[in-house]
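Here is a short tour of a structure with its sequence. Take a look at both before reading on.

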Amino acid sequence: MLDLILCVDDDPITLMLCKKVITKTSFSNTIVTAKNGEEALEYFDSIINKKEDTQLPQLIFLDLNMPVMDGWEFLDNFSSNKYSKVNTTKIVVLSSTIDPEDHEKSKKYPMVIDFLSKPITTNMLTYLESKI
Amino acid sequence: MKSKTSQITTIYILIASILAVFLYKITSLHLKQEYYLIFNLLKDFFLILLTGAAFRYVLSKNETRNKTIFERLENTNNEIKESNEKYDIVAKATSDTIWDWKIQEDKLNWSKGIKSVFGYEEDQVGDSSSWWFGNIHPEDSIKMSIKLYSFIEQKTEKWQDEYRFKCADDTYKYVLDRGFLLKDENGKAIRMIGALQDITKQKEEELRLKLLETVILQTKESIVITEATFNKNLLPKIIYTNPAFTNMTGYASEEIINNSLDTLKGPNTELSVIKKIIQIIRNKEEGLLEIKCYKKDKTEFWLRFTLIPIYNSENELSHWVSIQRDVTEEKNQEKEKEQLIKELTQNNKDLKQFSYITSHNLRAPMSNLTGLLNLIEDITIEDPELNEIINGFSKSTHLLNETIEDLTKVMIIKDNTSIEKENISIKDVFENVFSQLTNQIEIAKPILKLNLENVSVLNTNKAYMESILLNLLTNSLKYRSDKRILKITITAHQTGNTVELVFKDNGIGIDLDRNKDKIFGLYQRFHDYADSKGLGLYLVKSQVEAMKGTINIESKVNKGTTLTLTFKNK
């Protein structure tokens, strides 16, 4: 069981679903959420600045299509030097895209360990558990 | 001559008689009897001498005259001989056939040319004018005889004519016949001599040139011929334009001849093209160019033209030929087409983007619904009505999800223009597909015949191939007849680079007469089965075509269906 995971998605239903399934399968102790890429980055900023007693998540579920800052922009920022201390965190892209180019594009980011199609399921988490 | 002889003789007798009488008179008056005998003897001697002298004179005169006549005759004879020889030589040297016509007797002689040129043997040649006229081409004969007789009757001064003359082998030769008349002292024509010249080659060349000329005159392409070199600082001087040029530009040929094609220039004429033309003329090379030009009425048009250098027999550039066409309409169409393609490409791109976004936006809430339903599954619902509602909700959600998934699949196949191919074992593919269909095969218990012949490896896209086989086999299993045991025959056959896969079943078949156009269409269903979606054959065709293959169907209701797939297998 993981200690902390971060779910980034603009859709509150998806976030709710994530929480429910993760809790059900005891995949992780704690779940934090962010509504878009920018919020997610802010979360990591606070870790770097050590403002609060924030922990580094062990896994991120990342949606691609989001307002304000989408998944790609988040990945670009997260790969930069600014986040070199924290970007060892593994990322699973969780999206409903079917554009084959997206799949190819995600492979360029070393922290992305998988590209999965929504919805999140118990089977999916079992599979991920074995992978991590 | 006879009369002259008797004349001379008479004169001589007369003179001699007068002399005899005169001498007798003198002797009878002045001489004595005794001298008479002597005198008689002397007188006889005198007479003999006198006649002798007269004879001599006459004879010698005759002789000289005869001699001159004889000499003259001999000369004439020689001249004739020489003239005959010359005639023979000339007749031999020219290819002309000489004829000689004695008009009153209607006797016509032909020189040897009648054999060498026209192929007639001596015994085939007639000796009257009717043979001559008989061999003139029927279309030419009336015109020819009218002209000939008006010449013989001396209404016209000269005679020469062209007509077709029949050869021994029944072909016709074009001849030029020229003749002159010989007249008697009364000026009546008694003889005519002429020469036939074989002008078939010239005539054929003339006809050929005429034919070629009609091409230039009749063609819709403008043709311009110019001199070889620049006309001072203008383009080369024009020496010919055909009617099509006048049609195209409005300039009559006399207006443009001696000018240059610079006449067609106007405000929008591209200088760069003019420079190219100059370059081409300088380098004496061929060219194909397009330029904006102006007609006589100043309307602008697009001219597409070639420049072809023409060399004479000394291999010197003698002319330029330019073939030209007004391509304004083509140009406009081309522009429209380009614009259309641009718009369509953009539209297509937009639509593609749109379909990805739509599909994403459909799939996102769809996945939420599926995820939520997954959660509900583990919750026991006490209320039977709520349970029923949730069941219906779940079914509809799954159906909607399936539809979206299918459409997404189609979209990806259609979008993937270049798909990855690999060498796969055909046996493995079949095994894989069969294992996925174990349940259905268990139920239908079909007779499966697999004949893969020499085909073992296919160069293809594995996922597509599996999907195709899966769809076709599912169809055979699903649409089997309940009246007989299902039999599926699959054969593979390779000739050269082409692989043919044939699927044959004895199922319920499809009425192709009614459904020929719809058979591979999207969401086309031919049987009212609960689980048929009308997607299988559409997907199969899309995937076959994505791999640059073709698919063909033959089917008979209640007999079965045969599908033939053809691929290139490199």
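## Buried or exposed

A residue is buried if 20 or more other C-beta atoms lie within 10 Å of its own, and exposed if 12 or fewer do. By that rule, 18% of the 570 residues of chain B count as buried. Keep in mind that this is a predicted model.

Chain B has 16 helices and 17 strands. Take its contacts between residues at least 6 apart in sequence: 54% of them join residues at least 24 apart.

## A listed aspartate in chain A

UniProt, in an unreviewed entry, lists Asp63(A) for "modified residue: 4-aspartylphosphate". Asp63(A) sits in the loop between strand 3 (59-62) and helix 3 (71-79) of chain A.

Is Asp63(A) buried or exposed? Asp63(A) counts as buried because it has 26 C-beta neighbours inside 10 Å, and the cut-off is 20 or more. Leaving aside residues up to four places away in sequence, Asp63(A) touches Val8(A), Asp9(A), Asp10(A), Gly71(A), Leu94(A) and Ser95(A).

Strand 1 (residues 2-8) and strand 2 (residues 28-34) of chain A run parallel, joined by six bridges. In one of these pairings, Leu2(A) has Ser28(A) as its bridge partner.

Pro119(A) is in the loop between strand 5 (112-117) and helix 5 (122-131) of chain A.

## Where the chains meet

How many residues of chain B are in contact with chain A? The count is 14 residues of chain B, in contact with 15 residues of chain A. On the chain B side, helix 10 (328-377) and helix 11 (384-415) of chain B are the elements that give two or more residues. Helix 10 of chain B gives the most, with 12 residues. By type, the chain B side divides into five nonpolar residues, eight polar and one charged.

UniProt also lists residues 66-93 and 323-354 of chain B for "coiled-coil region", in an unreviewed entry. In the model, the span 323-354 of chain B is 84% helix and 12% strand, and its end C-alpha atoms lie 50 Å apart.

## Strands and loops in chain B

Strand 12 (residues 447-451) of chain B is hardly covered: of its five residues, the count of buried ones is zero. Five bridges join strand 12 to strand 14 (residues 487-495) of chain B, and the two run parallel. Asn451(B) has Thr491(B) of strand 14 as its bridge partner.

Two lysines have a positive phi, in each case in a residue other than glycine. Phi of Lys298(B) is near 75 degrees. Lys298(B) lies in the loop between strand 8 (287-294) and strand 9 (300-311) of chain B, and it counts as exposed because it has 9 C-beta neighbours inside 10 Å. Phi of Lys548(B) is near 60 degrees. Lys548(B) lies in the loop between helix 16 (536-546) and strand 16 (550-556) of chain B. Lys548(B) is exposed, with 10 other C-beta atoms within 10 Å.

Key
Residues numbered from 1 in each chain as written. Chains lettered and ligands numbered in written order. Predicted model: local features only at pLDDT ≥ 70, side-chain atom pairs only at ≥ 80, totals over all residues. UniProt positions renumbered as here; feature names shortened; annotations may be inferred. Helix = DSSP H or I, 4+ residues; strand = E, 2+ residues; numbered from the N terminus. Contact = placed C-beta atoms within 7 Å. Pairing = 2+ DSSP bridges. Nonpolar A, V, L, I, M, F, W, Y, C, P; charged D, E, K, R; others polar.
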